[in-house]
Amino acid sequence: MGALTGVVLAAFAGYGIAWYVGAIDGNFALLLLLAVVVTGAYWVAERWVFLPRRRAAAERAVAEARRRREELARQGITADHGDPEEALRRRFLAQPWWLDWTAGLFPVILAVFLLRSFLFEPFKIPSGSMIPTLRVGDLILVNKYHYGIRLPVVNTKVVDNHSPQRGDVIVFRYPPQPSLDYIKRVVGVPGDEVAYLNKRLFINGQPVPRTAEADFYDAEAMRYRKQFVEEIGGRRVHTLLDDERPAFIPAAADFPGREHCRYTVEGVTCRVPEGHYFVMGDNRDNSLDSRYWGFVPERNIVGKAVFVWMNFGDLGRIGAFE
């Protein structure tokens with residue numbers, strides 16, 4: 001079993017290394033599920049097979065040690081040769097390394113799997129598309145049950161809950177490449193007409209209320225950008241604009257449902273189809289979002305972003321971001 005376990009652990013390590021170097025598109029949910037299945041199988045085998053065998057072997061060893069001591073005592077020899085009974089039991093009952101690294105880790109892996117799959121999942125903000133709401137390096141928690149309970153890996157909803165609302169910040173599987181997770185803000189729900197024209201957002205024909213704020217200093221770009229506060233879904237949302245970027249949408253993809261959108265030199269207007277959502281980044285001129293690649297299917301939604309739990313470069317970022 002030691003050799004077989006070594007091969008299994010090497011396979012997990014190889015998958016992780018190949019993912020890390022970019023040789024494959026990794027799937028952490030699948031990897032975690034496989035880890036639960038494998039370590040769970042070892043845990044069951046340990047409980048019902050391996051441990052009873054070790055207990056039986058320990059009792060046989062203790063009985064043999066007693067028999068030797070009694071035989072020596074009949075010969076008048078009182079020296080104690082061999083381990084005391086408790087030490088002998090501990091030695092036989094100790095788990096081998098291959099069970100320490102499988103059955104021993106099962107409770108921890110199972111707890112992480114359940115927490116990550118059904119309650120909260122951590123994410124790291126990799127880009128500046130949600131500045132100023134979320135910054136590069138923010139470590140956030142995503143509520144996995146707010147929009148309903150989904151099965152891990154396949155992401156199929158089994159228990160319904162709330163529906164995404166305008167203004168929600170959501171994490172979702174990027175439609176053109178579902179192995180990637182994106183984070184954006186919902187600005188259009190099914191049935192809405194969303195227009196982004198001349199860098200102004202309109203929902204169902206009405207301009208979203210917007211007021212100017214003090215310019216925002218982008219430390220990474222080392223420049224100031226215009227900042228506004230918009231009222232989206234009853235929330236005050238801080239957004240950024242870059243006057244050097246054009247109003248039209250360059251290089252929009254040929255995405256499913258593009259027939260619901262009209263592109264002009266002023267921008268884009270889309271009617272959101274049923275079961276889909278229109279999302280945008282708060283850093284409007286530095287965000288690859290629904291304007292470019294289309295709508296987010298409801299089945300792609302992972303959860304609602306709710307909390308910044310750490311930013312190692314700025315501890316003041318910790319807390320609710322809205």
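What volume does the second largest pocket have? The second largest pocket has a volume of about 270 Å³, and the largest pocket one of about 760 Å³. Both values come from a predicted model. The points below take each pocket in turn.

**Largest pocket**

- The lining of the largest pocket is made up of 28 residues. Nearest the centre of the largest pocket lie R116, E121, F123, S179 and D181.
- Two or more lining residues come from each of α2 (28-74), α5 (106-118), β1 (120-124) and β17 (301-310).
- Strand β1 supplies four residues, the largest share of the lining of the largest pocket.
- By residue class, the lining of the largest pocket holds 14 nonpolar, six polar and eight charged residues.
- The largest pocket lies between domain 1 (1-118) and domain 2 (126-320), because both domains give residues to its lining.

**Second largest pocket**

- The second largest pocket is lined by 15 residues. Of these, L9, F12, A35, T39 and I109 lie nearest its centre.
- The elements giving two or more residues to the lining of the second largest pocket are α1 (2-20), α2 and α5.
- With six residues, α2 provides the largest share of the lining of the second largest pocket.
- The lining of the second largest pocket has 13 nonpolar residues, two polar residues and no charged ones.

**Elements in both linings**

- Helix α2 gives two or more residues to the lining of the largest pocket and six to that of the second largest pocket.
- Helix α5 gives two or more residues to the lining of the largest pocket and two or more to that of the second largest pocket.

Conventions
Residues numbered from 1 in each chain as written. Predicted model: local features only at pLDDT ≥ 70, side-chain atom pairs only at ≥ 80, totals over all residues. Heavy atoms only, no water. 1 Å grid on protein atoms, 1.4 Å probe; cavity = no way out; pocket = protein on both sides within 12 Å on 5 of 7 lines; lining within 4 Å. Points joined across faces, edges and corners; volume = space filled by probe spheres on them. Nonpolar A, V, L, I, M, F, W, Y, C, P; charged D, E, K, R; others polar. Domains from an automatic or database assignment.
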